[in-house]
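Visitor: Please take me closely through a single part of this model, strand by strand. After that, I would like to hear about its surroundings.

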Amino acid sequence: MKIGIIYIAIGEYEKFWDIFYPSCQAFFCVDAEKGYEIFTDSERLSGLNYPNVTVYKVADEGFVANVSSKSRFMLSIKNRLVLYDYIFFLNGNFRFLSPIYSKEVVSSSSDFAFTALSFDEYLCKDPDMYPYDRNPECHACIAEGEGERYYQGGFFGGCHREIMEFNRWAVERIEEDLKKGVVAKFHDESYLNKYLINKKPHILNDEYAYYPQSTYSGKYKAELIDKTTFFGEEKIYEIRNKYFDYSFLFTADTGLKKLAIISMWGGLGNQMFIYSFYLYLRNKFNDEGEFLIDTSFYDYNTCHNGLELAHHFTNINKDIFLTEELKNRIRTVPVFKVREQNNSVFQELEEHQNPVRIYEGYWQCFQYAESNAAELRLLFQFDEKRLSACSSSYLKRIRDTNSVGIHIRRGDYLSTINSLIFANLSITNYYSQAMEKLKELGMKSPVFYIFSDDPGWVRYNFHFENGIVVDSEEENSGWQDMYLMSQCKHNIISNSTFAWWGAWLNPDPDKIVIAPETWFNGVDVPDLFPDIWIKIKPDIDCSFHQKIATRLLLKGDMNNYPGLRGGKMGASIYFFHISRILQDDRYSSIAEDLFESVSDAISINHPFDFDKNGLLGIAYGVQYLIEEKFVEGDPNEVLSDIDDHILGYINKVEEFPLPIIFNIMTYLTSRIRYNISIQNHEIMELFLKACKQIIYKLESLPKEETGNHTGILKSLLNLRDMEVLKEDIEYFILKHLDSKTFRIGLINNLLSVDLPSNIS
């Protein structure tokens with residue numbers, strides 16, 4: 001048999017050839033004669049002089065154009081390809097590791113001699129969750145409800161007749177779509193999936209294309225080299241960006257300009273911090289293109305008084321705000337996101353090669369402000385003429401006395417989440433400590449001007465000597481409070497960015513600023529305060545659990561995913577337990593909100609795992625919360641749809657990878673344990689039958705693989721301890737004891753320790 005291999009090595013990808021060719025020669029279709037047809041722009045590869053390699057010089061048209069040209073390239077040498085019995089396209093980053101024989105990868109079908117790669121991970125997903133192209137304007141569109149497998153574009157092949165028929169079909173449709181300006185979701189791969197939608201190719205799995213992020217745990221004969229690791233993240237973005245339409249970033253003078261976008265959110269104080277970060281970036285990378293601020297947050301969120309920055313500070317150029325037109329253009333190209341790593345920790349930022357990068361964070365560090373202090377003070381100037389008569393009266397008194405501005409934050413800080421994140425400084429002795437500090441420093445005749453979003457509460461609960469509660473009695477007058485605070489000679493601030501800026505804008509060279517060292521409950525803020533400010537640690541106890549809870553709430557990562565590990569379900573369980581341990585209902589309120597949002601989002605289309613989007617983790621968490629009496633309900637009723645979906649999957653699929661077996665066994669074990677406890681034999685029998693089916697399917701797997709996956713053994717031993725399927729499990733274990741790997745896995749589980757691999 002003669003095998004033809006189509007290989008594209010354009011741009012940086014030509015570097016893979018030196019790995020690909022020797023490994024392919026040694027291990028791929030070892031029993032066949034191989035010929036290589038290479039399409040490249042590389043001068044080095046063009047000079048190859050191997051007897052079984054033919055090189056065709058092509059231009060680098062950019063990432064997507066290149067990968068979409070596979071079929072066009074093959075059609076261009078159709079007369080050459082008749083020399084081969086079977087033709088494969090192989091991704092450039094393949095490395096073959098052990099012998100693969102032709103009969104393994106070549107279809108034996110006389111009706112449809114076509115081979116395609118489909119990863120095992122898709123077997124546990126509903127096809128509606130596959131990454132098919134769903135755009136009805138595209139010829140690669142696959143409607144929901146269609147499709148059984150998802151095929152990878154990096155490894156497919158066929159006899160000459162089949163491969164040419166596919167190429168003609170694909171080229172015609174790709175060209176029609178490109179003329180309409182339509183690009184398929186995953187380019188040539190999307191068209192391959194559409195072409196195979198009602199066909200039955202010979203299917204290869206991860207054994208022939210293992211990749212680092214795979215959940216596959218079996219042996220493999222070939223791997224895909226991780227491109228990001230091989231090239232580096234910056235280079236990958238550079239390679240992929242070549243295709244996309246960046247014409248909106250071109251200027252006649254400078255060519256392609258880089259675009260940096262800083263996302264803005266929060267109230268006025270946060271807006272000022274984010275603007276100071278914008279200014280820091282713009283001045284640091286002044287020759288690196290254009291810098292803009294994205295205010296989309298305020299299109300969908302009502303926060304305090306909305307976007308106030310340019311309204312109060314008229315010196316700020318409104319042209320720095322991202323327009324809707326540019327926003328729509330940016331959606332069509334890749335972006336590189338730079339996220340703030342830690343709250344109030346100065347972050348050294350480096351130049352990025354990506355044309356469009358987006359910065360996300362609050363950037364609450366004094367270094368960003370201090371680096372452009374003079375410019376910020378010119379920009380952050382309130383119009384004194386806009387002050388109300390009441391505020392103007394306060395301003396005169398502030399300037400005529402040895403004024404100390406005190407800020408007491410209430411309002412949204414009383415909400416459940418904020419009260420846990422920020423603690424409640426207004427009920428501690430922080431303010432009295434701050435006043436004592438002023439006395440120690442020899443301050444004479446201070447007059448305290450107290451600013452608060454709840455002046456009535458302050459009047460009733462605080463009684464300062466020489467204290468005046470500032471109350472303009474006007475709506476949306478917050479900026480006037482900030483301005484008046486900045487005109488005081490000294491400041492005692494709360495843990496509020498609004499108060500921080502009131503103090504920072506104070507121009508008095510002899511000012512004393514006192515700030516609470518505890519800004520967030522149990523989270524350090526090393527770079528929040530200028531060095532000359534005096535920090536006082538409030539008398540607030542913070543337990544270990546509270547510190548963890550604060551970090552979870554600040555990160556907010558659990559709000560993005562519904563699952564158990566790293567998602568809302570896991571966070572919900574944690575907050576329920578914290579509430580019980582600390583006897584604090586605020587945590588249970590957060591837990592209930594998280595649980596409710598999971599319940600609203602749960603779908604059988606989630607993957608079969610316990611991770612961020614995992615269906616089994618969500619279901620496991622539901623049962624756990626009910627068993628622990630954190631929520632009420634009957635798991636058998638609540639989880640009935642999920643149970644039916646899992647049981648149906650076990651009946652439907654002949655083979656599935658070990659990680660999925662482990663996940664399902666873990667879930668079934670928990671469901672059996674629950675139904676034993678409530679003596680529900682009818683439902684328990686359904687789960688036991690499913691476990692029996694899985695044990696039967698495990699019989700067909702190599703014993704070494706089963707032994708390596710100790711999680712499956714653990715589930716089996718747990719079931720045996722519950723006195724269920726005892727004979728089946730013992731028979732399975734005894735039958736496999738001749739495998740050294742299996743024996744080690746079994747002993748590890750029995751002793752709950754990790755033993756050296758050389759113990760037999």
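Guide: Let's start with an open sheet of 6 strands, whose order is β18-β17-β16-β19-β20-β21 and whose pairing is parallel. Strands here are DSSP runs of E with at least two residues, helices are runs of H or I with at least four, and both are numbered from the N terminus. Two strands count as paired if DSSP finds at least two bridges between them. Before we go further, please note that this is a predicted model, where local features need pLDDT of at least 70 and side-chain atom pairs count only at pLDDT 80 or more, while totals for chains, interfaces and linings use all residues. Residues are numbered from 1 along each chain as its sequence is written, and side-chain values use heavy atoms, with hydrogens and water left out.

At the edges of this sheet stand β18 (467–469) and β21 (534–536); each has a single partner strand, so one side of each lacks a neighbour in the sheet. From one strand to the next, the twist averages 25°. Such angles run from 0 to 180 degrees between N-to-C directions, using axes that are lines fitted to C-alpha atoms, for helices over the stretch in contact.

Now look at β16. This strand covers residues 402–408 and is joined to β19 (residues 490–492) by 3 bridges, the two running parallel. With β17, β16 pairs in the parallel sense over 7 bridges. Of the 7 residues of β16, 6 are buried, so the strand is largely enclosed by the rest of the structure. Buried means under 20% relative accessible area, exposed means over 50%, and partly exposed lies in between (1.4 Å probe, protein chains only).

Helix α21 (residues 478–487) packs on this sheet, where it touches β16, β17 (446–452) and β19, and its direction makes about 160° with that of β17. A contact, or touch, means heavy atoms within 4.5 Å. Cys488 has a relative accessible area of 1%, so it is buried.

In α1 (residues 17–27), the buried residues are Trp17, Phe20, Tyr21, Ser23 and Cys24. Their cover includes β1 (2–9), β2 (33–40), α2 (43–46), β3 (53–57), β4 (86–90) and β5 (94–96). After α1 comes Cys29, whose phi is positive, near 45°.

Elsewhere in this sheet, Leu117 is found in strand β6 (residues 114–117). Leu117 counts as buried because its relative accessibility is 2%. Leaving aside residues up to four places away in sequence, Leu117 touches Tyr150, Tyr151, Gln152, Phe155, Leu204, Asn205 and Ala209. Asn205 is 88 residues away from Leu117 along the chain, yet their C-alpha atoms are separated by 5.8 Å.

Finally, let's step back to the interior. A nonpolar core is a set of buried Ala, Val, Leu, Ile, Met, Phe, Trp, Tyr and Cys residues joined through side-chain atoms within 4.5 Å. The largest one has 132 residues, among which Tyr275, Phe380, Trp500, Trp501 and Ile664 touch the most other members. Helix α11 (residues 268–284) gives this core its largest share, 10 residues. A second, separate core has 42 residues, including Tyr7, Ala9, Trp17 and Phe96.

As for the whole protein chain, it has 34 helices and 21 strands, and 54% of its 760 residues count as buried. Among its contacts with a separation of 6 or more, 70% come from residues 24 or more positions apart.
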